[in-house]
Amino acid sequence: MMPRAQNIARALLLFALSLGPMTGCHRGAGGCSEQLPDSCLPACDQGNPLACRTLGLSLAQGQGSGLRVGAMFLERACLSGDATSCERLGALPVSLASASASPSTTPSLGVPCPPASSSSPAAPPSSFHLPPPQPRPLAPLPPEASREALDLATRCNRGEGVACTQLGHRFARGIGVPRSQERAVGAHVLGCELNDALGCRAAGRDLARSNPTRASVLLRRGCMGSDPGSCSTLGELALQSVAPGLTPPYGVNQLRSACTNAYAPACRHLAALLREGGLVPRDEDVAERIEERSLDLVRHSCTRGALEDCLLLGLWQERPDVLGEEPGDAPRTTDGVSLESALAVYQRACEGGHPIGCSRAIALLDLLLRREPAAALWERLDGACSGGDAFSCAELVTSLGGRVPSRAALRRACELALPRGCTLLAEHTRDNPGERTAALKRACALNDEVGCDAYLTYLEQTTPSEAASEQQQVCERLGGTACVVLARRHQGGCAERFLLRACEEAPERTAQGCAEAAAELRLRDGSRAAVLDRIACELGRKGGPLGGKVAESCGHLARAKAASGMAEEALALAVVACEANALEGCATL
């Protein structure tokens, strides 16, 4: 039998030969078995995940280069959906020391060849080359969508992954299209499948809580596509051990890899782990050096004109406990020097044309009681919105701070399909009934809850004969908690339909929507309320800690199960509900 080192060398040679610079990956045929792992390479190269797993496990029994190449083949099988490969990959003993070495860059061959290392992506482009998916066009956009959104949808359906990702961002924020988390996820996933690595990162974040296994596959794809942000997000997911192949050591390795590839949030997270100890040996000195590296990275990038990194740097200075890219609920620092530094980089981002930099600078200026500079930046946002910049309009209508946008900016925001812009336009055009009615109708068509409420109220006051039919149309379109709110305020027509739509039929139903619908129907229709309680409790328990009416639904469900003789299930639910301070749950114990 051939020695192990010769087996590894032979496999490496076969792999190297398959990466010819002119022809790409070799696609030979042949058998594949555990006894003859070398023969698995052609089948793996043709997309057989079991062959990739067999070859990867064979190579991963060695050390050094054999271990790394084995990990690469397991990564490829995992990306194809082979859960066993994901589990084996997460268990590989890849050390922090090896992960911190300088990454080697794999040349782009334009064919589906795996990269040289599963844990060290190359320096960032946002696109990469993998087999194209089967064409799966987006669902048509609603007629209210803006021209820019329609253009992105057309380009996405032509196969431009970047356009799909950008459209997903618009769906997530409700810019130019009705806000829809479901459609945002779909567009991000399609962007990933069409080889936009940033789409993989966004899709992975979208699905991290609801479907971590799917999220891990998408993030691995983005990570292999040279996006260190995907590697970092994958690492954060792995620290929670929520999917096959995702283990804390693997997560630390991915964070280290992303930090090595100049992704500053990963460096900061890694420094926090080193300070805590546990997953890695505690080392304050190394943590300090890594955190300094992360700050140096964003400072240098901001200086060179990367506006997103200016925002990140400002966020870290304004809210020191933030590890990632979002402010969350962390309190602002009381250090005046840090606030001034954050303000400076926000203003730099604003001057570079980033509207979020302007809005964050305005918020800090208001905090520091500097009214005139804040008013100047507000006028800048207003002018950019009036000139047709949708993202400036989005900041303008969501960050009011007691200020009112100009009527010209509100008209442009409404034209650009920002529902909040239409609602505000209606509020400020009471002297023009025709414009006000059109603005309210457009706001409601764009699924703005406040706009729909105002529109239905306006119809009930002016043209009651049209109110019922309009209620029905809104009823058919809206979902989630918005339906519950409208049902409470508009008791005629289809109030009950709103409640059911909020949970049983809504494409984006939420635990809160179901729980509120159950509470509203409990006295009138106990059996229907029980169904909604069950759905609310199930959705709530999947999403993390319970609270409010969702906990009440779990308490009512516990009582119903106790009455049906399902004592064990009733006890488990009652404990969960009681811990969330729901009286029904405590009473059932």
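**Ground rules.** I'm working with a predicted model, where local features need pLDDT of at least 70, side-chain atom pairs count only at pLDDT 80 or more, and totals for chains, interfaces and linings use all residues. Numbering runs from 1 along each chain as its sequence is written, and side-chain values use heavy atoms, with hydrogens and water left out.

**Whole chain.** I looked up the secondary structure and got 32 helices and zero strands (DSSP runs numbered from the N terminus: H or I of at least four residues for helices, E of at least two for strands). Of the 589 residues, 49% are buried (under 20% relative accessible area, 1.4 Å probe, protein chains only; exposed is over 50%, partly exposed in between).

**α10 and α12.** Next I checked how α10 (residues 197-207) sits against α12 (residues 228-238): the angle is about 20° and the axes are 8 Å apart (axes are lines fitted to C-alpha atoms over the stretch in contact, angles run from 0 to 180 degrees between N-to-C directions). So α10 is roughly parallel to α12 (angles under 35 degrees; over 145 is roughly antiparallel, 65 to 115 roughly perpendicular, the rest oblique). On the α10 side I found Ala-197, Cys-200, Arg-201 and Arg-205, meeting Gly-229, Ser-230 and Thr-233 of α12 (contact is heavy atoms within 4.5 Å).

**Loop residues.** Most residues other than glycine have a negative phi. I noted Asn-195, with a positive phi of about 75°, in the loop between α9 (181-193) and α10. Asn-195 is buried at 14% relative accessible area. Ser-226 also has a positive phi, near 75°, and sits in the loop between α11 (212-224) and α12. Ser-226 is buried at 13%.
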